Amino acid sequence: KHLSPCLTFSLTDTVMTARLARVWAMGSCVLLLCLLPQIVFAVSYKQGDPVVLYVNKVGPYHNPQETYHFYTLPVCRPKEVRHKALSLGEVLDGDRMAESLYNIRFKENMERQTLCHLTLSEKEVDQLREAIEELYYFEFVLDDIPIWGFVGYMEESGFLPHSHKVGLWTHLDFNIEYHGDSVIFANVSVKDVKPVPLEEGGGGAAQGTGGSSEGLSVTHTYSVHWFESPLPHARRAERLRDYSFFPKTLEIHWLSIINSLVLVVLLLGFVIIILMRVLKNDFARYNVEEDGSCDDLDQGDNGWKIIHTDVFRFPPYKSLLCSVLGVGAQFLTLATERAAAFLDPVYLVSCLHGTVLTCIYKSSDKLIPASLSEGQEITAIRYWLSVLPLAYRDFCRFSEYLMMLCTVEDDGIIVMALLGMFNVHRHGAINSAAIVLYALTSCVSGYCSCSFYTQIHGQRWVWNIILTSSLFSAPLFLTWSVVNSVHWWSGSTQALPASTVLLLLGAWVLVGFPLTVIGGIVGKNRAGSFQAPCRTRNIPRQIPQQPWYKHTAVHMAIGGFLPFSAISVELYYIFATVWGREHYTLYGILLCVFAILLSVGACISVALTYFLLSGEDYRWWWRSILSTGSTGLFIFVYSLFYYHNRSSMSGPVQSVEFFGYSLLTAFVFSLMLGTVSFWASLTFIRYIYRSLKMD
């Protein structure tokens, strides 16, 4: 007994699926709590209370993604290293926090406290010299406040004679600001401190050191100074934003943005005006003869009207095309998602997803009681499947209530950042929120893909769901495997432990993939007709030979270059933020550039589609995706230019990660822009053929 010939689930399997929804809801809730960052509250201290300082990581200054544990260097360490429990986002960020030997007490100044005495061997001295020559910096964390500083000092002077001096900082001054009973800010200083010279061969002599045949003796010391701050704990992020160990070079580049904006407006105006005038002439010419059949018109006309019986002929590789549209819609949803997770990803996202799953868990018995007959069970199951989009809508609306400070619906991530709700200093919050939002929006890809696949008469909808779920996750897993292997080989903290890998795999298996399946089933059941204005003949029309400027490669070059030119200026600042030491705060400009990018992509796709149809070529389906989707190729080429000419990155670890994830980024842009251009072209084609007067 089956629900329908299209559904391969038997009645028993469908009912069992509904029964297992509760188990999946409970498991995914537990898994989601593991994915979210830890809840961090304001810590109150009393006079003399210990303030724990965690050592985190070290790495080359010019390679932001190449980081190692602080204790991999020959430094002072406790006999038993105790690590801090980290969230998923912190682990993905390469954090490996461990307790240090620094004894810091609240509001108690300390001068020249001895941390430890070390005797460095020749090998350890060479290790420190190499680290200092590569501009290694360290990161400490005190009360969730990052503290940065360089491991040592290097000086290059003169040509003849050449002088090369390398020194190790053995004394650190901690400057900590407080307000009431909470810590506001902290940094480290080496002012008025002389570095300990490190010479090749392990020799050295300076105050607090001693060179001997057994090695170099070093004494590490520290001082602590407390200062009162007028800022309360709720505003300490402002203090973090104003101070940065890394240089700030990002400036508001209004002239370049205005130049790009003017060029884009002129381009869009040119395309729209010219296209409207051409279409007006076409409509006037094609609609002269209102009497007569389509066949009669075919004999006397040429251009895009003559292919009206083929323009809606479904393309090859339907499943792949629908998967591209589905995943592209998912990333567009992520780009314009309500940015609740970045306001407080711990409280908000856990409440959101927990609310939805709890509703499903509590309602499963009410939707399908055991006493229902088979026909009633079918009706209940269909209702349960149809109510999921409404539950997702309600869950999204519930996010505004939980944010408390947000009163505008459908605000995107960029808009929230523009309103000052984006804290770039919070450890791992961005990574955790990105993973959770990607898992939750998997239902969007399944719904859009399977719904359109059903509209264009696709039959293998199960394969379509599997292809949709793996279209991005498979390249992501392959890229991550290569990058993680390189990090593991080099001993970097960016290499994920086995527990984190299993957690991420569980997130995809228990949350991402099931939501894709649910979205696909709902999209299939709720899919309507394709609504083509013209009927399609059984025999396809022969396509005339096209000139060279209408070939796919030419359209890809034009359709990819123009959107890329609209974001080329801003792309440098985004790369400097992701692969450099900058903190991006120009969210208003980013919002304008994002809107310009989508607008240019849609208009260029419509223009190229019109030129294609004018040549009596009705193969526009894949062409519309490839034309604007080729912007990703230009972005990847720009990443090569940025690596060699705009950055100081080097080494196999940083290079593999940069090129691997740059390729993934280009793929994501191709999916998003390809989706936008396809729907723009489809809307345009439906409009022009619906406006024709034909029998």
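Which residue in β8 does Met154 stand opposite? Met154 stands opposite Val166. The structure is a predicted model, in which local features need pLDDT of at least 70, side-chain atom pairs count only at pLDDT 80 or more, and totals for chains, interfaces and linings use all residues. Residues are numbered from 1 along each chain as its sequence is written, and side-chain values use heavy atoms, with hydrogens and water left out.

**Confidence**
- The average pLDDT (the predictor's confidence in each residue, from 0 to 100) is 77 for the protein, and 72% of the residues score at least 70.
- Residues 1–13 have pLDDT below 50, and this stretch has 23 contacts in the model beyond near neighbours in sequence; contact means heavy atoms within 4.5 Å.
- Residues 290–300 also have pLDDT below 50, with 12 contacts in the model beyond near neighbours in sequence.
- Where pLDDT is low, the predicted coordinates should not be read in detail.

**The three-stranded sheet**
- Strands β7, β8 and β11 form an open sheet in the order β7-β8-β11, with antiparallel pairing.
- Strands (E, at least two residues) and helices (H or I, at least four) are DSSP runs numbered from the N terminus, and two strands pair if DSSP finds at least two bridges between them.
- β7 (152–157) and β11 (196–197) are the edge strands, each pairing on one side only.
- Six bridges join β7 to β8 (residues 163–168) in the antiparallel sense.
- Helix α3 (residues 122–133) packs on the sheet and touches β7 and β8; its direction makes about 110 degrees with that of β8.
- For that angle, axes are lines fitted to C-alpha atoms, for helices over the stretch in contact, and angles run from 0 to 180 degrees between N-to-C directions.

**Strand β9 and its partners**
- Of the nine residues of β9 (residues 171–179), seven are buried, meaning under 20% relative accessible area (1.4 Å probe, protein chains only).
- β9 pairs with β13 (residues 215–228) in the parallel sense over eight bridges; Phe174 has Val224 in β13 as its bridge partner.
- β9 pairs with β10 (residues 182–189) in the antiparallel sense over seven bridges; Asn175 has Asn187 in β10 as its bridge partner.
- Two residues separate β9 and β10 in a hairpin, and Gly180 in the turn has a positive phi of about 70 degrees.

**Ser670**
- Ser670 lies in helix α21 (residues 652–690).
- Not counting residues up to four places away in sequence, Ser670 touches Gly629 and Gly632.
- A polar atom of the Ser670 side chain lies 2.8 Å from the backbone oxygen of Gly629.

Notes: Buried < 20%, exposed > 50% of the residue type's maximum accessible area, 1.4 Å probe, protein only. Polar contact = N/O pair within 3.5 Å; in protein donor to acceptor, adjacent residues only side chain to side chain.
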